[in-house]
Structure formats: C-alpha cells, structure tokens
Amino acid sequence: MKKIITLGGSNSKNSISKALAEYVGSLVSGVEVQNIDLNDYEMPLFSVDREAESGFPKTATALDKEIEKADGFIIALAEHNGAYSAAFKNMFDWLSRIEGNIWREKPMLLLSSSPGGRGGQSVLEIALARFPRHAANIVGSLPVPFFDANFQNGKITNKELNEEILTLVDQFEKAL
Ligand SMILES: Cc1cc2nc3c(=O)[nH]c(=O)nc-3n(C[C@H](O)[C@H](O)[C@H](O)COP(=O)(O)O)c2cc1C
C-alpha cells in the first residue's frame, strides 16, 4: 500500500494548517496516512556554523528519511507575516542541506490556510515558486480562507470549498 505524509506548516499546538492537511489526507483512499507534527521533529535554529560544527540534527535526518519513504505529500502552509512560519522555514533550510531534491518528484497537494480572507495566499505563492526547485511535483494547490468559519468538527463545512478539495484529492490519487 502506498504511503502519504500530511504536514502542517506550523508548530502551534492547535494548528489550523495541521488540521487542514490531516483532513485532506483522510479523504485520500487506499493509502496509509502518516500525519507528521513538526513538534516531533524540532530542530535547532539553522546556521551554517552550527552545521559545520555539529552536522545535521537527528530530527532533520529522521524527517528526511520519512520523506524519502513516502509516495506523496499533502502540505498545508501557515502564513506568518506573508511567508513561511519560522518553524517551517527552519525545517526547510535543514532539509535542503541534507538533500536538495527534498520532495523527490513525488506528487504533492500544496494548501494554505488562515483565519482571514486570503487564506495564506502569499505563503502559497512563495512555495509554488520555490518548491519545484526542490523536486516538488505539485499536482494541485488551494488557499483555504476564513478557516474558522469553513472548518468545523474536523471537516470543511463550505460545500464549494469542499468540492474543490475533492477535485484536488482526485488529481492527487491519480498521480500517486
Ligand atoms: C507572527 C504571526 C504572523 C502572522 N501573519 C499572518 C499573515 O501574514 N497572514 C495571515 O493570513 N495570517 C497571519 N497570521 C495569522 C495566522 O494565519 C494564524 O495564526 C494561523 O492560525 C496560523 O496557522 P497555524 O494555526 O497552523 O499555526 C499570523 C500569525 C502570527 C502568530
């Protein structure tokens, strides 16, 4: 059975991006789903000096191995000041030093979410422009706005938004 990873781009305990990634992951049929919490892979703040002195953190190499073993990714980004959260960017920087082709050309759904009306569109645009340079095979993307109104009891409640997500999941399943 194929295995997919879901990942929210934030280390907050009640992360909306993590909830979104896990919800979308639960819609994919016929796969094993591994929900990854960034808090389980906490890494020291990246610096070239730290890397030269101590090498890669164990959590970074462990996460890279999980990524290598997976067949696809559902990533939902959080937006902090128009960009990646510090926790996600730190993870990204470490992973890029271990293996430039982080995402191994495996299918990815790339989402973003925020409580506001743009749904994290700025960070999504940043990632859409950058991830392909790290071997991301992005088969679909979507910003999810007004998260608190559109997501209740672990599910997307807005019918049109959910239809869009189901279409993305269909594309993702076909690409796996
Ligand atoms: C430091 C900080 C900066 C933020 N900047 C933005 C922003 O630029 N755009 C936005 O839509 N929301 C912004 N927010 C609100 C986040 O979208 C909101 O906190 C969201 O819950 C973050 O995702 P998470 O729950 O997965 O951590 C910011 C929140 C914090 C704490």
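**Notebook: strands, core and ligand shell**

Helices (H or I, at least four residues) and strands (E, at least two) are DSSP runs, numbered from the N terminus. Two strands pair if DSSP finds at least two bridges between them.

What I'm looking at is a predicted model, where local features need pLDDT of at least 70 and side-chain atom pairs count only at pLDDT 80 or more, while totals for chains, interfaces and linings use all residues. Residues are numbered from 1 along each chain as its sequence is written.

**Overall look**

I looked up the elements of the protein chain and found seven helices and seven strands. Along the sequence they come in the order β-α-β-α-α-β-α-β-α-β-α-β-β-α. The protein chain is as compact as a globular protein of its length, because its radius of gyration is 15 Å, close to the 16 Å from the globule rule for 176 residues. (That radius is taken over C-alpha atoms, and the rule is 2.2 Å times the number of residues to the power 0.38.)

I noted that 38% of the 176 residues count as buried. Buried means 20 or more other C-beta atoms within 10 Å of the residue's own, exposed means 12 or fewer, and partly exposed is in between, with C-beta atoms placed from the backbone.

I went back to E3 (residues 72-78). Seven of its seven residues are buried. Gly72, Ile74, Ala76 and Ala78 point one way, and Phe73, Ile75 and Leu77 point the other.

E3 runs parallel to E1 (residues 2-9), with six bridges between them. Six bridges also join E3 to E4 (residues 107-113), again parallel. Ala76 has Leu111 in E4 as its bridge partner.

**The core**

Which residues have the most contacts inside the largest nonpolar core? I found Leu20, Phe73, Ile75, Leu77 and Leu111, in a core of 46 residues. E3 gives the most to this core, six residues. A nonpolar core is a set of buried Ala, Val, Leu, Ile, Met, Phe, Trp, Tyr and Cys residues joined through C-beta atoms within 7 Å.

**H1 and the ligand**

Leu20 and Ala21 are among the buried residues of H1. Nine of the eleven residues in H1 are buried. H1 (residues 16-26) also gives the largest share of the shell around the ligand, three residues.

I counted 17 residues around the ligand, the closest being Ser10, Ser15, Ser17, Ala78 and Ser114. (Near means a C-beta atom, placed from the backbone, within 6 Å.) The shell has three nonpolar, eleven polar and three charged residues.

Most residues other than glycine have a negative phi. I found Ala135 with a positive phi of about 60 degrees. Ala135 sits in the loop between H5 (121-130) and E5 (137-144). Phe146 has a positive phi too, near 40 degrees, and lies in the loop between E5 and H6 (147-150). Phe146 has 16 other C-beta atoms within 10 Å, so I logged Phe146 as partly exposed.

Technical notes. Ala, Val, Leu, Ile, Met, Phe, Trp, Tyr, Cys and Pro count as nonpolar, Asp, Glu, Lys and Arg as charged, and the others, Gly among them, as polar.
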